[in-house]
Amino acid sequence: MKKRAIVSVINDLVTDQRVNKNCLTLQKAGYDVLLVGRRQRKSPPMDDRPYSSHRMKLLFEKGPFFYAEYNIRLFLFLLFHKADVLFSNDLDTILPCYFVSRLKRSKVIFDSHEYFTETPELVNRPRVQKVWKRIEEFAVPRLGKLITVNESIADLFREKYKAEVHVVRNIPMRRALPPKGDEVALGLPTDKHLLVLQGSGINVQRGAEELVEAMQFLPDCYLMIIGGGDVLDILKDMVRKLDIADRVQFLPRMPYAKMMAYTQLAEIGFTLDKDTNLNYRYSLPNKLFDFIQAGVPIVASHLVEIEKIIRQYDIGTFIEDHNPQTIADTVRKSLDDEDRRAVWAQHLPVTAQELCWENEELVLLNVIRSYE
C-alpha cells in the first residue's frame, strides 16, 4: 500500500504556498497526502490540487479558545486517521502531531516557518509568549530534527536545543508566469510608476504605515497593496486622512497566479520589516522571492537574511531608516537611476532560475527520505 502523510497547518489552506509545496514534495517522495487545516467564515474556496484536503469549521476563530479547540480537534482527527508520517507546520500544530506520533508510533516532521515565540504578536504579551515557549521547550528537543526557513533561525534552534536542523527556504516554483495584467483592465493608471507591497501578513512593525506616508511625496507613483493583515484598516484610514486615494489601491488576497499578474507590472516591490524582534530580524519573506520570480527590483530594510540575497545577486537597494521621507527618496533615486535599473533587470532572471523550489526541495526530499 502507498505510504500516507497527513500535513497539518492552522490556517485555511488557500494561500499558503509553502504548505502546498511541502505537500507536492511529499507526493514526489511517494506519499499519499492529506492536508488538514480550518475553514473560516470568509475563507475562499479551495482550488483544485492533486492531493486531498480537509478543512475543519470551528466555533472560535481567534484567541485562546480557538487554539484550544483547533488542537483538540486536530488531535482527534489524527488519532482516528492512519498516517505513516505526520507533517506539522509551525508550533501551533506540533502538540497533536507529537502526541499522536507517540501513541501510534508514526514519524513526525516539524517545519518551523518562523521563529514563532518571538513574533510581535507574542513579544508584547509575555504571559501568552510564556505558554508558547513552554510548548517549544517541551516539543522541539523530543523531535530530534526539524526544518526551518533560513540559517539564522536554524542557528537559534541549534544553539538552544542542540537539534539537527535542515534549512529549506520558502522559494517559489520555477514555472511560467501568467501574462502581465493589462493596466486598464485591472483599473490601474498608465501614467504612473507602479509599486507593490504584498503578502498575507501585512501587519504592524512591517513598514507598511511608513510606506503609505511616503506616498504623499511621490505624486507620480501608484502603490498596490495586495493581501491581508492586521494593519490594513489603519492604512486605509491613513490614505483617507492624507488624501492620497489616487496613489494607493488595496486589493484583497487572491490566488497566486492572479496576484503575480499584478506584481509583474510593478517597477519596485517592498519588504520593509523592522528589526523589532528576532522573528522579523531573521525573516526571509515569501514576497522577496515572488518579486524575484516576477522580475521586480526590491527596496528593502536592512535585515540579515534579506540583505544577504539582495547583495549577493544585486537585485535591489535598501532604506537606511523608516522615515517616510527616506523611503520616498529611496524610491525616487531607484526610479531615476537608469543604469542601476538596467543592472537589476539583467540580474533578476538569472536569480529567478537559481532561487527556485525545484532546487530547494532537494533538501526537503532528503529529509523526508531520512525518516523512512
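Me: How many bridges join strand E6 to E7?
Reply: Four bridges join E6, residues 145-148, to E7, and the two strands run parallel. Keep in mind that this is a predicted model.

Me: Which residue in E7 is the bridge partner of Leu146?
Reply: Val165 in E7 is the bridge partner of Leu146.

Me: What is the strand order in the open sheet?
Reply: The sheet has seven strands in the order E3-E2-E1-E4-E5-E6-E7, with parallel pairing. E3 and E7 (164-167) stand at the edges with a single partner strand each, so one side of each has no neighbour in the sheet. On average, neighbouring strands are turned by 25° against each other, direction ignored.

Me: Which strands does helix H6 lie across?
Reply: H6, residues 151-161, lies across E5 (107-112), E6 and E7. Its direction is at about 175° to E7.

Me: Switching to H2. What does that helix reach from its first C-alpha to its last?
Reply: H2 covers residues 63-79, which is 17 residues, and reaches 25 Å. That is close to the 24 Å expected at 1.5 Å a residue.

Me: And where does H2 lie on the strands?
Reply: H2 lies across E1, E2, E3 and E4, and runs at about 150° to E2.

Me: Which residues of H2 are buried?
Reply: Phe66, Glu69, Tyr70, Asn71, Leu74, Phe77 and Leu78.

Me: What do those buried residues pack against?
Reply: The buried residues of H2 pack against strands E1 (3-8), E2 (31-39), E3 (52-57) and E4 (85-89), and against helix H3 (94-104).

Notes: Residues are numbered from 1 along each chain as its sequence is written. This is a predicted model: local features need pLDDT of at least 70, side-chain atom pairs count only at pLDDT 80 or more; totals for chains, interfaces and linings use all residues. Side-chain values use heavy atoms; hydrogens and water are left out. The expected span of a helix is 1.5 Å times one less than its number of residues. Buried means under 20% relative accessible area, exposed over 50%, partly exposed in between (1.4 Å probe, protein chains only). Contact means heavy atoms within 4.5 Å. Two strands pair if DSSP finds at least two bridges between them. Axes are lines fitted to C-alpha atoms, for helices over the stretch in contact, and angles run from 0 to 180 degrees between N-to-C directions.
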